[in-house]
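Subject: Structure handover

Hello,

Please find the structure we discussed below. My notes on what was found in it follow.

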Amino acid sequence: YKFYSQRKIREAERKDWKLLELIKKNMDDSAIFQKLYSTDDEILVYARLKNRLSDDINKALVASALRQKEFEDWYFFLVFKYYNQKNRHEIAYYYLKKALKKAEESNNYDLVVILYQNLLRSVRYHQHEDYGRLKEKLLTYENYSFLLRKLEFQCAHFEEQLRQSQNLLTDSKINLKEALQLIKKTEKLKPLPNRLKLLYLKLKSLYYIILRNYDRVIEILIPEEKSTLAQNFDDLQDKDLQVNLMIFLINALTIENKFEKVMQLTPHLHKMIEKNEVLRARYIFFYYQSLISSFCKLEKYEEALKLIRIIESEENLAVNPQYWLYASLNKAICLYETGCWHEALRAVARLKTQETYNHIDVRIKARIDLSEILLRILFGDMDFAFQMCRSLEKEDYLTDMADKAMLQHLKKISNMNFKDMIVYLTKLALSDEVIENYSDKQIINYKKWIQKFIQSIKE
């Protein structure tokens, strides 16, 4: 910034530089004002200085960014605009063509549309350009740009729904009809340009994730002739989407219990993001998440706890409500599975006291409450467990039939003596209800919990 600002003003004493240094020291706003100005009357001068500093820093950042390869298309477009306004049409045309080439290479369809529109307007200065061919190209890219917006909007909508539900809910309020129509419309466009191909695969993956059809996710992301997603998309420039699809694939493989494949892909995911600060900040959590999910499925809970503690220790991860919810919930599950029931109950209690907890879906809250009841019964806190059962039954937020059935069983056993409990739960463990419906879909596996509880009573 200092190098940039020196081009306009050269002074020995510069208050904007002093202000920048004081801001970098995290000083209070009133303390900074007192350092720079002697009287309170200069408060407006200080406000103008802050605004000018903010504007100049942004201009310096933009000027610096335009030198980077990923912004070359915009850089050439701005140079074109400058010369075009000066009526230097030959030079403007040269930079317009350069901008067009870079924008097409980077699949920046919005900019390509703008550039073709400008090319059509200036065709009178360049007789060698074919107006009909340019118009046809413009219409093609306008179609791509429109489809891109629709795909991005639908993907964002799905991701928000999954974020709110943490994909723990068995029913879905999402209208899938529009997404299916969009998928079918996109399939008709062949061959698809790179960015659209990736977005189409992302939407299709999200569609099947919401339907919980993870076999289809694996099928579309690993064609038979390829062994990994990386081989399909290493040559594509949109690394952000490439990482996204890798995460979908890893999660689908984890859910389908294909851990050997997961362990092959997680190091590649880490390699994709480790050298890019922006991608690392955005996706390192999902790298940890994929490993935690695999370790939990493999019952390596100590390994999972180590990674959860890393998430809790990294400030940029710990402050994210979604990441915090995932880490806290899985910490409680891992502690429960390792026999640290007291710590697991404390983890659930701490989870429920946080402000973020108030904003998650009430149906997920109900399932977390049900998990807390299971833990409290393990401790013999029957009165509290019975009261929670009654409260949860009254609220009626549980939607899964297995959850509802388990709540009724817990309500009954919380009023029994230990001898009757063993008889009741032993019969329940052998029933078709438990064998057919109780699985890893629950936060705490009910079937395993029944076995643990019977064992704890006998001991």
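Which residues of helix H2 (residues 15–24) are buried? They are Asp 16, Trp 17, Leu 19, Leu 20 and Leu 22. Just after H2, Asn 26 takes a positive phi of about 60°. Please keep in mind that this is a predicted model.

Overall picture

The protein chain has 459 residues, and 45% of them count as buried. It contains 25 helices and zero strands. Among contacts with a separation of 6 or more, 61% are between residues 24 or more positions apart. The chain exposes about 25,800 Å², and carbon and sulfur atoms supply 50% of that area.

Nonpolar cores

In soluble globular proteins, nonpolar side chains tend to be buried together. Here the largest nonpolar core has 129 residues. The residues with the most contacts inside this core are Ile 368, Ile 373, Ile 377, Leu 410, Trp 449 and Phe 453. Leu 410, leaving aside neighbours within four places in sequence, is in contact with Leu 370, Ile 373, Leu 374, Ile 377, Cys 389 and Trp 449. There is also a second, separate core of 10 residues, which includes Leu 20, Tyr 37, Leu 49 and Leu 53.

Leu 378 and its surroundings

Leu 378 is found in helix H20 (residues 362–378). The residue is buried, with a relative accessible area of 10%. Apart from neighbours within four places in sequence, Leu 378 is in contact with Tyr 336, Trp 341, Trp 449, Phe 453 and Ser 456. Ser 456 is 78 residues away along the chain, yet the C-alpha atoms of Leu 378 and Ser 456 are separated by 7.8 Å. Two of these partners, Trp 449 and Phe 453, are also named above among the residues with the most contacts inside the largest core.

Aromatic rings

How many aromatic pairs does a search of the whole structure find? The answer is 18. One of them joins Tyr 109 and Tyr 144, a tilted pair with 5.6 Å centre to centre and 50° between the planes. Tyr 109 lies in helix H7 (residues 109–121) and Tyr 144 in helix H8 (residues 131–165), so this pair ties together parts that are 35 residues apart in sequence. Both tyrosines, Tyr 109 and Tyr 144, are buried.

Tyr 144 also pairs with Tyr 141, this time edge-to-face, at 5.8 Å centre to centre and 85° between the planes. Tyr 141 and Tyr 144 are three residues apart in helix H8, and about one helical turn separates them. Both Tyr 141 and Tyr 144 are buried.

Elsewhere, ring pairs link Tyr 75, Phe 76, Tyr 82, Tyr 83, Tyr 94 and Tyr 95 into a cluster. A charged residue also meets a ring: Arg 376 lies over the face of Phe 384, at 4.3 Å from the ring centre.

In helix H9 (residues 177–187), the residues Ala 179, Leu 182, Ile 183 and Thr 186 are buried. Seen down the axis of H9, they fall within an arc of 100°, so they line one face of the helix.

Lys 204 lies in helix H10 (residues 194–210). Is Lys 204 buried or exposed? Lys 204 is buried, with a relative accessible area of 11%. Not counting residues up to four places away in sequence, Lys 204 touches Ile 183, Glu 187, Arg 216 and Ile 220. Of these, Ile 183 is one of the buried residues of H9.

Positive phi values

Besides Asn 26, two further residues may be worth a look in the viewer. Asn 87 has a phi near 60°, a positive value in a residue other than glycine. Asn 87 is found in the loop between helix H5 (72–85) and helix H6 (89–105). With a relative accessible area of 55%, Asn 87 is exposed. Glu 299, which is not a glycine either, has a positive phi of about 65°. Its place is in the loop between helix H15 (277–297) and helix H16 (301–313).

Regards

How values were computed
Residues are numbered from 1 along each chain as its sequence is written. This is a predicted model: local features need pLDDT of at least 70, side-chain atom pairs count only at pLDDT 80 or more; totals for chains, interfaces and linings use all residues. Side-chain values use heavy atoms; hydrogens and water are left out. Rings of Phe, Tyr and Trp (its six-membered ring) pair if their centres lie within 6.5 Å; planes under 30 degrees apart count as stacked, over 60 as edge-to-face and the rest as tilted. Helices (H or I, at least four residues) and strands (E, at least two) are DSSP runs, numbered from the N terminus. Buried means under 20% relative accessible area, exposed over 50%, partly exposed in between (1.4 Å probe, protein chains only). A charge sits over a ring if NZ of Lys or CZ of Arg is within 6 Å of the ring centre and within 35 degrees of the ring normal. Contact means heavy atoms within 4.5 Å. Accessible areas come from the Shrake-Rupley method with a 1.4 Å probe; for residues, only the protein chains shown count as cover. The arc is that of the directions from the helix axis to the C-beta atoms. A nonpolar core is a set of buried Ala, Val, Leu, Ile, Met, Phe, Trp, Tyr and Cys residues joined through side-chain atoms within 4.5 Å.
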